[in-house]
Amino acid sequence: MGYNAFQILKEGLTGNKGWRPVWRDPEPKSEYDVIIIGGGGHGLSTAYYLAKNHGIKNIAVLERGYIGGGNIGRNTTIVRANYFMPGNSEFYSHSLKLWESMEQDLNYNTMHSGRGLINLFHSDGQRDAFARRGNMMCNQGDDAILLDRDGVRKHLPYLDFESHRFPVYGGLYHPRGGTARHDAVAWGYARGADQLGVDLIQQCEVTGIDVKDGVVRGVQTSRGAIRAKRVGIVVAGRSSQVAAMAGLEVPIESHILQAFVSEGLKPTVDHVVSFGMGHFYLSQSDKGGLVFGGDLDFYASYAQRGNLPMMEHVMEAGMALVPALGKAKVLRSWGGIMDMTPDGSFIIDRTKVDGLYMDCGWCYGGFKAVPASGWCMAHLMAEDKPHEVAKKHTFDRFRTGHGLMDEEGTGSQHNLH
Amino acid sequence: MRINCPICGDRDRREFYYLGASDYLNRPAEGDLDAIHKYLHIRENPAGVTKDLWHHEAGCSSWLVVERNVSTHEILGVELASEVAK
């Protein structure tokens, strides 16, 4: 089904009775060329690009719950390419370009909004670090503008510029950064993949991975066994459990990250703003809710909800930066399960089982990576060699210590990111 | 979340610093790089009951082994790491 203005008008005048499901609900076949475990943003985009870029048609995506019900529906929707380390820099740059062409490519409104992102700094040292980061971003071909205090005030007049604890020295402005509608991204890729012949099989839990003589043969599911020559595990949040089905051990510890949304307000916050000193970031959804969050709760958890101390910390940080926030009511809060790797960067790699690949370890940054993750995972699975912009993201970097991508510079250890 | 410190009693989570899985108590011998890699990076990471190390930073400064259900945040038991390591 295509979408156009005429169709919306027609449906609007006829009670919206003509809309139909935009993807099929097929029964699983007994065999596929490629199985993707996980029907989240990354799994769907992997299937889409396998079909579109590599011409593979016989693909299934197996989803335990429903499409869009995992972390793709539980994030704060920020899209950016302001990374510093070689490896991450080119990957997220590629991802942002894919975001910018996604709606045309999928013929689907994902509400991508390059509204600009500003990372604030509050000391001379932080300014130097952000100036250096901005130069790295420009060298990568992306956009970065160093704003002084008055420059920030023009964009963000609602900040507390009188703060003595964390005075605003300026900000690194990334005009192409912004947000997108997270659910629509899942739906757009699901629809696109379905149109290219991918079977999206929901309510189908993978319970085992069949490996014989070091080669993957297929999977066991709650809806029967399915054979496949190649299997991709794309289940960030549950990577350790699914990897264990194939006898794999992964360098991941699962943590909880909370997010919050206020009642709907008139347009106030035009950008995405981050306040590193208080671990706080803020944007406003198109519906009007202020969407904000902070840091991890910092203990291993699969609970999809956090504890009150971090909630209090986020509110305090928000009030310190934007005192007017105190007038808004928080409507909802929730938590997502983060695949935390020791260096805080992701993994797209082969495993020791032939034909079995993993895309995991997205830490707290998976949403912005949805298009490029799928693009690179599809390339890896189709060509059996890593894509140029994701070739540094291996499992082996932790064992050797070579090529670690520790953006925060805090060390390659689980509890530090 | 509250943790029942064997020395200080039931205390708020904010008094404690989380280090990670109690695997850290089993330090491998020097020189065995694969074992050290496993010790530092590889985690079982179960979605159920696990044991991890917490430091009672704002209390008695003891290292604790806390048995928790990470899917419910229920705390099942707390022991002094010095006792566990004996």
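A term before we start: buried means under 20% relative accessible area, exposed means over 50%, and partly exposed lies in between, with a 1.4 Å probe and protein chains only. This is a predicted model, where local features need pLDDT of at least 70, side-chain atom pairs count only at pLDDT 80 or more, and totals for chains, interfaces and linings use all residues. Residues are numbered from 1 along each chain as its sequence is written, chains are lettered from A and ligands numbered from 1 in the order written, and side-chain values use heavy atoms, without hydrogens and water.

Strands are DSSP runs of E, at least two residues, numbered from the N terminus. Two of them pair if DSSP finds at least two bridges between them.

Chain A, then. Five of the five residues of strand E6(A), 170-174, are buried, so this strand is largely enclosed by the rest of the structure. One face holds Gly170(A), Leu172(A) and His174(A), the other Gly171(A) and Tyr173(A), and all are buried.

What does E6(A) pair with? Strand E4(A), residues 117-121, runs antiparallel to E6(A) over five bridges, with Asn119(A) opposite Leu172(A). Strand E5(A), residues 145-148, is joined to E6(A) by four bridges, also antiparallel; there Asp148(A) has Gly170(A) as bridge partner.

Now chain B. Here four strands form an open antiparallel sheet, in the order E3-E4-E5-E6. Its edge strands, E3 (17-21) and E6 (74-80), each pair on one side only. Between E5(B), residues 63-69, and E6(B) there are six bridges, antiparallel, and Leu64(B) is partnered with Leu80(B).
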